[in-house]
Amino acid sequence: MTLQEYDYARESPSKLAASCLLLALTMKNLGGWTPTLEYYSGYSAQELHPLVKRLNFLLTYQPHDKLNAVRSKYSHRVFFEVAKVTPMDMLKLEEALTSC
């Protein structure tokens, strides 16, 4: 979804990927940012927090009027309907991020 947003073009791909992983882990209650993830990604959890919040905001307030190809594709059962996943409440996300 970030491919369609100019604001994310300035982010490094590795930081964007790491932030997406941290958001997914948080959304699914699969644990936090481990030392192993920090070592191999090169990013600490604190470095990723602002971008994770922006990504969750993008999921929460996504425009539904245009550029629906990606959303439509990832709403399909083949891709596990990941585009239909409910975003986290911003306050709960903040609490989860401060605990990791």
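User: How exposed is Lys53, and what is its relative accessibility?

Analyst: Lys53 counts as partly exposed, at 28% relative accessibility. The classes are buried under 20% relative accessible area, exposed over 50%, and partly exposed in between (1.4 Å probe, protein chains only). This is a predicted model, so local features need pLDDT of at least 70 and side-chain atom pairs count only at pLDDT 80 or more, while totals for chains, interfaces and linings use all residues. Residues are numbered from 1 along each chain as its sequence is written, and side-chain values use heavy atoms, with hydrogens and water left out.

User: Which residue forms a salt bridge with Lys53?

Analyst: First the idea. Side chains of opposite charge can pair when their charged atoms come close. The cut-off here is a side-chain nitrogen of Lys or Arg within 4 Å of a carboxyl oxygen of Asp or Glu. Lys53 pairs with Glu94, and their closest N and O atoms are 2.7 Å apart. The pair links distant parts of the chain: Lys53 sits in helix 3 and Glu94 in helix 5, 41 residues apart. Helices are DSSP runs (H or I, at least four residues), numbered from the N terminus. Glu94 is partly exposed, with a relative accessible area of 34%.

User: How many salt bridges does the structure hold?

Analyst: The structure holds 3. One of them joins Glu11 to Arg54, with the closest N and O atoms 2.9 Å apart. Glu11 lies in the segment before helix 1 and Arg54 in helix 3, so this pair ties together parts 43 residues apart in sequence. Glu11 is buried, at 17% relative accessible area. Arg54 is partly exposed, at 26%. Lys84 and Glu81 also meet in a salt bridge, at 3.8 Å from N to O. Glu81 is partly exposed, with a relative accessible area of 35%.

User: At what angle do helix 3 and helix 5 pack?

Analyst: Two packed helices are described by the angle between their axes and the distance between the axes. Axes are lines fitted to C-alpha atoms over the stretch in contact, and angles run from 0 to 180 degrees between N-to-C directions. Helix 3 (residues 45-60) and helix 5 (residues 90-99) pack at about 155°, with their axes 11 Å apart. That makes helix 3 roughly antiparallel to helix 5. Under 35 degrees is roughly parallel, over 145 roughly antiparallel, 65 to 115 roughly perpendicular and the rest oblique.

User: Which residues of helix 3 and helix 5 meet?

Analyst: His49, Val52, Lys53, Asn56 and Phe57 in helix 3 face Met90, Leu93, Glu94, Leu97 and Thr98 in helix 5. The residues of this contact divide into 5 nonpolar, 3 polar and 2 charged. Ala, Val, Leu, Ile, Met, Phe, Trp, Tyr, Cys and Pro count as nonpolar, Asp, Glu, Lys and Arg as charged, the others, Gly among them, as polar. Contact means heavy atoms within 4.5 Å.

User: Is His49 buried or exposed?

Analyst: His49 is buried, with a relative accessible area of 13%. Not counting residues up to four places away in sequence, His49 touches Leu22, Leu97, Thr98 and Cys100.

User: How do helix 1 and helix 3 pack?

Analyst: Helix 1 (residues 13-27) and helix 3 pack at about 75°, with their axes 8 Å apart. That makes helix 1 roughly perpendicular to helix 3. Among the meeting residues are Leu16, Leu22 and Leu23 in helix 1, and Leu48, His49 and Val52 in helix 3. The contact divides into 12 nonpolar, 3 polar and 2 charged residues.

Conventions. Helices (H or I, at least four residues) and strands (E, at least two) are DSSP runs, numbered from the N terminus.
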